[in-house]
Amino acid sequence: MAPTIVTSALAALLLICSASFTSATVHHHHHYEKRALTPPAAPATNWTYLGCYTDSVGARGLTSAGYNSGDSMTNEACVSYCAGKNYIYAGTEYAGECYCGNKIQTTSTLDDDSTCNMACNGDATEPCGGSNRLTVYSTPPPAQDPGPFINPGVDGYHYQGCYR
Ligand SMILES: *[C@@H]1O[C@H](CO)[C@@H](O)[C@H](O)[C@H]1NC(C)=O
């Protein structure tokens, strides 16, 4: 009788130990992997990498639009979203957030690339900002409307300038 109890107690202990060992080894590290993260140079036509900028919840660097992806954020996805809304800046943050705007607020300043240290939750090779860090892309602003122009003249009349 006694050996059976000891044996099953031992078996139960082994089971508990192996269960906790298993759960301890299945930690996920996808936001903090130490591998090098490479920002895509051109995530869309005419969009280029600008750098890693500081950001904060209280004073966002890009304030015009944004979304939080479930687990599919990439810089390409964010740029596509912002370009579709005609914004000229797009930035990813905290692995899965995307922000857009037509200017970077002065509260956000350029920081070292290495501080954008979170992998995108949709692509582990790219940085998607970090904690209070934005991976920022931009595209040139659209050509300005040239405004009023001078009629070169019709029927033998020619423009002579603007007189008082
Ligand atoms: C890229 O920029 C060039 C030069 O401004 C422009 O002609 C072209 O239409 C742009 N392409 C796209 C896809 O925005």
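With 95 degrees about the S-S bond, the disulfide between C52 and C116 is right-handed. C52 lies in strand β1 (residues 48-54) and C116 in the loop between β5 and β6 (119-120), so this pair ties together parts that are 64 residues apart in sequence. Both ends are covered, since C52 has a relative accessible area of 0% and is buried, while C116, at 5% relative accessibility, counts as buried too. The model described here is a predicted one, and the structure holds four disulfides, among them the following.

| Disulfide | S to S distance |
|---|---|
| C52 and C116 | 2.0 Å |
| C78 and C98 | 2.1 Å |
| C120 and C128 | 2.1 Å |

The link of C78 and C98 is right-handed, with 80 degrees about the S-S bond; because C78 lies in helix α2 (residues 75-84) and C98 in strand β4, this pair ties together parts that are 20 residues apart in sequence. The link of C120 and C128 is right-handed as well, with 90 degrees about the S-S bond.

Turning to the fold, the protein has two helices and eight strands, and six strands form an open sheet in the order β2-β4-β3-β8-β1-β5, with antiparallel pairing. The edge strands are β2 (65-68) and β5 (110-111), each of which pairs on one side only. Strands of a sheet pair through backbone hydrogen bonds, either parallel or antiparallel. Here β2 pairs with strand β4 (residues 97-101) in the antiparallel sense over four bridges, and N68 stands opposite E97 in β4.

Definitions and conventions. Residues numbered from 1 in each chain as written. Predicted model: local features only at pLDDT ≥ 70, side-chain atom pairs only at ≥ 80, totals over all residues. Heavy atoms only, no water. Pairing = 2+ DSSP bridges. Disulfide = S-S within 2.5 Å. Buried < 20%, exposed > 50% of the residue type's maximum accessible area, 1.4 Å probe, protein only.
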